[in-house]
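Biologist: Could you show me how to read helix packing and strand pairing in a model like this one?

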Amino acid sequence: MHSEPLSIPRRVRFVELGEKALRALADGDLAGGSTEAGVALDEHFVGDRARWIFGYRAAQLAEDPSAAPWITRAAVSEPAGVVVGDAGFHGPPDEAGMVEVGFTVVPAYRRQGYARAMLTALLVRAAAEPEVRTVRARISPDNTTSLATIAGFGFTRVGEEGDEHDGRFIVFEVPTDAIRAGRQRTAQDL
């Protein structure tokens, strides 16, 4: 377990997981997925849930290759260069200009600030895209860690949704105008 202090702000960069990498991971081929991605991925990337998600994202890319800049990427810590999780959007902006974020931290790196670093990078990316007007996060009510992660980022609870397969989710949204305004305030405070 890594026990570095939380007070050190974390930084991440994203590495694209192309269709070949995603297919390899969905098939449980960690070495092949790592080779295709160009980074050493963690066993977390071939767990049951990850394999299902990566299979879904590979099919999404096969159907719409233009979604590649938006979907799942490996999150690499900087400057260490270690893969600490995966993050991205569920797809390109919809007709209303909405994108939904998703992120997962590798268990050995949880509670060290990497989820906040990933979310920060995703929000900055979304706010930089003129066609994105809203960022959405759907979080299970019992996922207290993710609920705590989004706190302070300007998200507002807008409702609930769910189904028998995925369960119940609380839906949060933040307008990209608020993200840009928050970044401007932060820059002025420095």
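This is a predicted model: local features need pLDDT of at least 70, side-chain atom pairs count only at pLDDT 80 or more; totals for chains, interfaces and linings use all residues.

Biologist: How is the packing of two helices described?

Modeller: Two packed helices are described by the angle between their axes and the distance between those axes. Here, α1 and α3 pack at an angle of about 145°, with axes 8 Å apart, and α1 passes α3 in a left-handed crossing. By class, this contact of α1 with α3 has eight nonpolar, one polar and four charged residues.

Biologist: Which residues of helix α1 are buried, and what covers them?

Modeller: In α1 (residues 19-26), the buried ones are Ala21, Leu22, Ala24, Leu25 and Ala26. Their cover includes α2 (30-37) as well as α3 (48-63). On the α1 side, the residues that meet α3 include Leu22 and Leu25, and those they meet in α3 include Phe54 and Leu61. Just after α1, look for Gly28, with a positive phi of about 85°.

Biologist: Now the strands: why is β3 largely enclosed?

Modeller: Strand β3 (residues 83-89) is largely enclosed by the rest of the structure because seven of its seven residues are buried.

Biologist: Which way does β2 run against β3, and how many bridges join them?

Modeller: Strand β2 (residues 73-78) and β3 run antiparallel, joined by four bridges; Arg73 stands opposite Ala87 in β3. The two strands form a hairpin with four residues between them, and Gly81 in the turn has a positive phi of about 80°.

Biologist: In which sense does β3 pair with β4?

Modeller: Strand β4 (residues 98-105) pairs with β3 in the antiparallel sense, over five bridges.

Technical notes. Residues are numbered from 1 along each chain as its sequence is written. Side-chain values use heavy atoms; hydrogens and water are left out. Buried means under 20% relative accessible area, exposed over 50%, partly exposed in between (1.4 Å probe, protein chains only). Contact means heavy atoms within 4.5 Å. Axes are lines fitted to C-alpha atoms, for helices over the stretch in contact, and angles run from 0 to 180 degrees between N-to-C directions. A crossing is left-handed if the near helix is turned anticlockwise from the far one by less than a right angle, and right-handed if clockwise. Ala, Val, Leu, Ile, Met, Phe, Trp, Tyr, Cys and Pro count as nonpolar, Asp, Glu, Lys and Arg as charged, and the others, Gly among them, as polar. Two strands pair if DSSP finds at least two bridges between them.
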